[in-house]
Amino acid sequence: MATSSTDNAVKRHPLAITALLSVVGYAAVVGTFLGVVPRSVFPDLSLWAVNRLADAIAVVNAVNVLVIAAGWRWIRRDEVEKHAAAMVTSFLLILVFLVLYLTKIGGGGTKEFVGPALVYYPYLAMLAVHIVLSIVSVPVVLYALVLGVTHSPAELRTETPHRRVGRIAASAWLLSLALGVVTYLLLNHAFSWEYVESATAALVLL
């Protein structure tokens, strides 16, 4: 993704930078879920607003599936600049998703699936895979990105594991995003749900 090979601290220590960014991301999500992040950080959302954020998140994830697929296709055609643009765009979409998601959880709550057992258990299985892949993909995606923005195309091919790591990151993130969209459709449009307030909202009411 980078066009120069200028040496710097980030380039010399990509794993350390990846670990730091991963910890920050994990802390933001876990802190929001546990109510550690102050309620004042988030707007007080109505159920209508929570539903609209869920819709927006699904759209962002669906667009990101297309962006990652395009980026993968371009690198297979050796269109490096297009691939780089797609991967940076994908990461920006991940950040948009994270902001929307944390706002929805911290300022509103979550919805639990209510449907027949024939659908409920496959839904849970898909949701579990989606969540696990989302968690484990974070450092892999970040590592591929850090390598990409700090090395020239020639360096990425000969001096780094970017190709292998990028393939793993793209595969895991694509599957996670796709499952996220499918579970969204099942939860919000195909079957019923029950609303559960976030931990931060519950704490405020105590």
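Predicted model: local features only at pLDDT ≥ 70, side-chain atom pairs only at ≥ 80, totals over all residues.
Glu 79 and Lys 82 form a salt bridge, with their closest N and O atoms 3.1 Å apart. A salt bridge here is a side-chain nitrogen of Lys or Arg within 4 Å of a carboxyl oxygen of Asp or Glu.

Residues are numbered from 1 along each chain as its sequence is written, and side-chain values use heavy atoms, leaving out hydrogens and water.

**Glu 79 and Lys 82**
- Glu 79 counts as partly exposed because its relative accessibility is 24% (buried is under 20% relative accessible area, exposed over 50%, partly exposed in between; 1.4 Å probe, protein chains only).
- Lys 82 is partly exposed too, with a relative accessible area of 43%.

**Lys 11 and Glu 155**
- The closest N and O atoms of the Lys 11–Glu 155 salt bridge are 3.0 Å apart.
- This pair links distant parts of the chain, 144 residues apart: Lys 11 sits in helix H1 (residues 9–12) and Glu 155 in helix H6 (residues 153–159).
- Helices are DSSP runs (H or I, at least four residues), numbered from the N terminus.
- Lys 11 and Glu 155 are both buried.

**Asp 55 and Arg 52**
- A salt bridge joins the side chains of Asp 55 and Arg 52, at 2.9 Å from N to O.
- Both residues belong to helix H3 (residues 47–76), three residues apart, about one turn of the helix.
- Asp 55 has a relative accessible area of 21%, so Asp 55 is partly exposed.
- Arg 52 is at 35% relative accessibility and therefore counts as partly exposed.

Conventions. Helix = DSSP H or I, 4+ residues; strand = E, 2+ residues; numbered from the N terminus.
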